[in-house]
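I opened the model today to look up its pockets and its helix packing. My notes follow.

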Amino acid sequence: IFVGILIGIATIINTFLINDNLSPVIMIVYKFTIAFIATMLFLCYLINSKQLTMKDLYELKPLHIMLMILGGLITVVLIFNSLKALKNVPNGGYSVGIKGSVAILVSFILSIMLLKKNGNGHFNILSFIGLLMVLVGGYLIKVNSKLQ
C-alpha cells in the first residue's frame with residue numbers, strides 16, 4: 001500500500017513537470033543522480049554498520065550479475081517511457097492504470113512459465129478472475145480516456 005501511495009505521488013509530480021514542458025531526459029538525469037547519491041550513502045551506512053561487506057558485493061553468481069544488469073537497463077527504459085507516456089494522457093492515473101494492468105498480465109504469465117519450481121507460479125480461479133478484472137479495467141481506461 002505504501003509503495004502504491006508513493007507511485008501515486010510520484011506520478012502527480014512527474015505529470016506536473018511534463019505538463020510544464022520539462023524534458024523527460026532532464027528528469028531522468030536528475031532522478032538517477034539523486035538515486036545514485038542515495039545509494040552510495042546507503043551503501044556507506046551498511047558497510048559502516050557491518051550489515052554488508054565489500055566481499056558481499058562482488059561474490060555473486062554470474063547469472064545474478066547478468067540479471068541485475070538487464071534489470072537495470074529495463075529500469076532506465078521503463079522510467080523514460082513512463083515519463084514520455086504522461087504527455088499523452090489527460091490524467092496521470094490513466095498511464096499508471098494501463099501500465100499496471102499490462103505489468104500484471106506479463107508478470108502472471110512469466111511467473112507461471114518460469115517460476116514454477118520456486119512455488120511462485122501459483123494461481124487459483126479467484127486470482128485469475130481478479131487478473132481478468134484488472135485487464136478489463138486497463139482496457140476500459142485505454143478505450144475511454146481520450147488518449148492522444
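**Pockets**

I began with the second largest pocket, where helix 2 gives the most to the lining, with four residues. Helices here are DSSP runs (H or I, at least four residues), numbered from the N terminus. The model is predicted: local features need pLDDT of at least 70, side-chain atom pairs count only at pLDDT 80 or more, and totals for chains, interfaces and linings use all residues. Residues are numbered from 1 along each chain as its sequence is written, and side-chain values use heavy atoms, with hydrogens and water left out.

I noted what a pocket is: on a 1 Å grid over the protein atoms alone, an open set of points where a 1.4 Å probe fits, with protein on both sides within 12 Å along at least five of seven lines. Lining residues have an atom within 4 Å of a point.

I listed the lining of the second largest pocket: Phe32, Ala35, Phe36, Thr39 and Gly72. Three are nonpolar, two polar and none charged. For these classes, Ala, Val, Leu, Ile, Met, Phe, Trp, Tyr, Cys and Pro are nonpolar, Asp, Glu, Lys and Arg are charged, and the others, Gly among them, are polar. The volume is about 230 Å³, meaning the space filled by probe spheres set on the points.

Next I took the largest pocket, with about 590 Å³ of space. I found 18 residues in its lining; Ile7, Ala10, Thr11, Ser82 and Lys99 lie nearest its centre. Which helix gives the most to this lining? Helix 1 does, with seven residues. Helix 2 (24-48), helix 4 (62-85) and helix 5 are also among those that each supply at least two. By class I noted twelve nonpolar, four polar and two charged residues.

**Helix packing**

I then looked at helix 1 (residues 2-19) against helix 5 (residues 92-114). They pack at about 130°, with their axes 9 Å apart. Axes are lines fitted to C-alpha atoms over the stretch in contact, and angles run from 0 to 180 degrees between N-to-C directions. That angle makes helix 1 oblique to helix 5. Ile7, Thr11 and Thr15 of helix 1 make the contact (heavy atoms within 4.5 Å) with Gly92, Gly93 and Val96 of helix 5.

Last, I checked helix 1 with helix 2. Their axes come within 10 Å and cross at roughly 140°, so the two are oblique to each other. Asn14, Leu17 and Ile18 of helix 1 meet Pro24, Met27 and Lys31 of helix 2.

Methods:
Angles under 35 degrees count as roughly parallel, over 145 as roughly antiparallel, 65 to 115 as roughly perpendicular and the rest as oblique.
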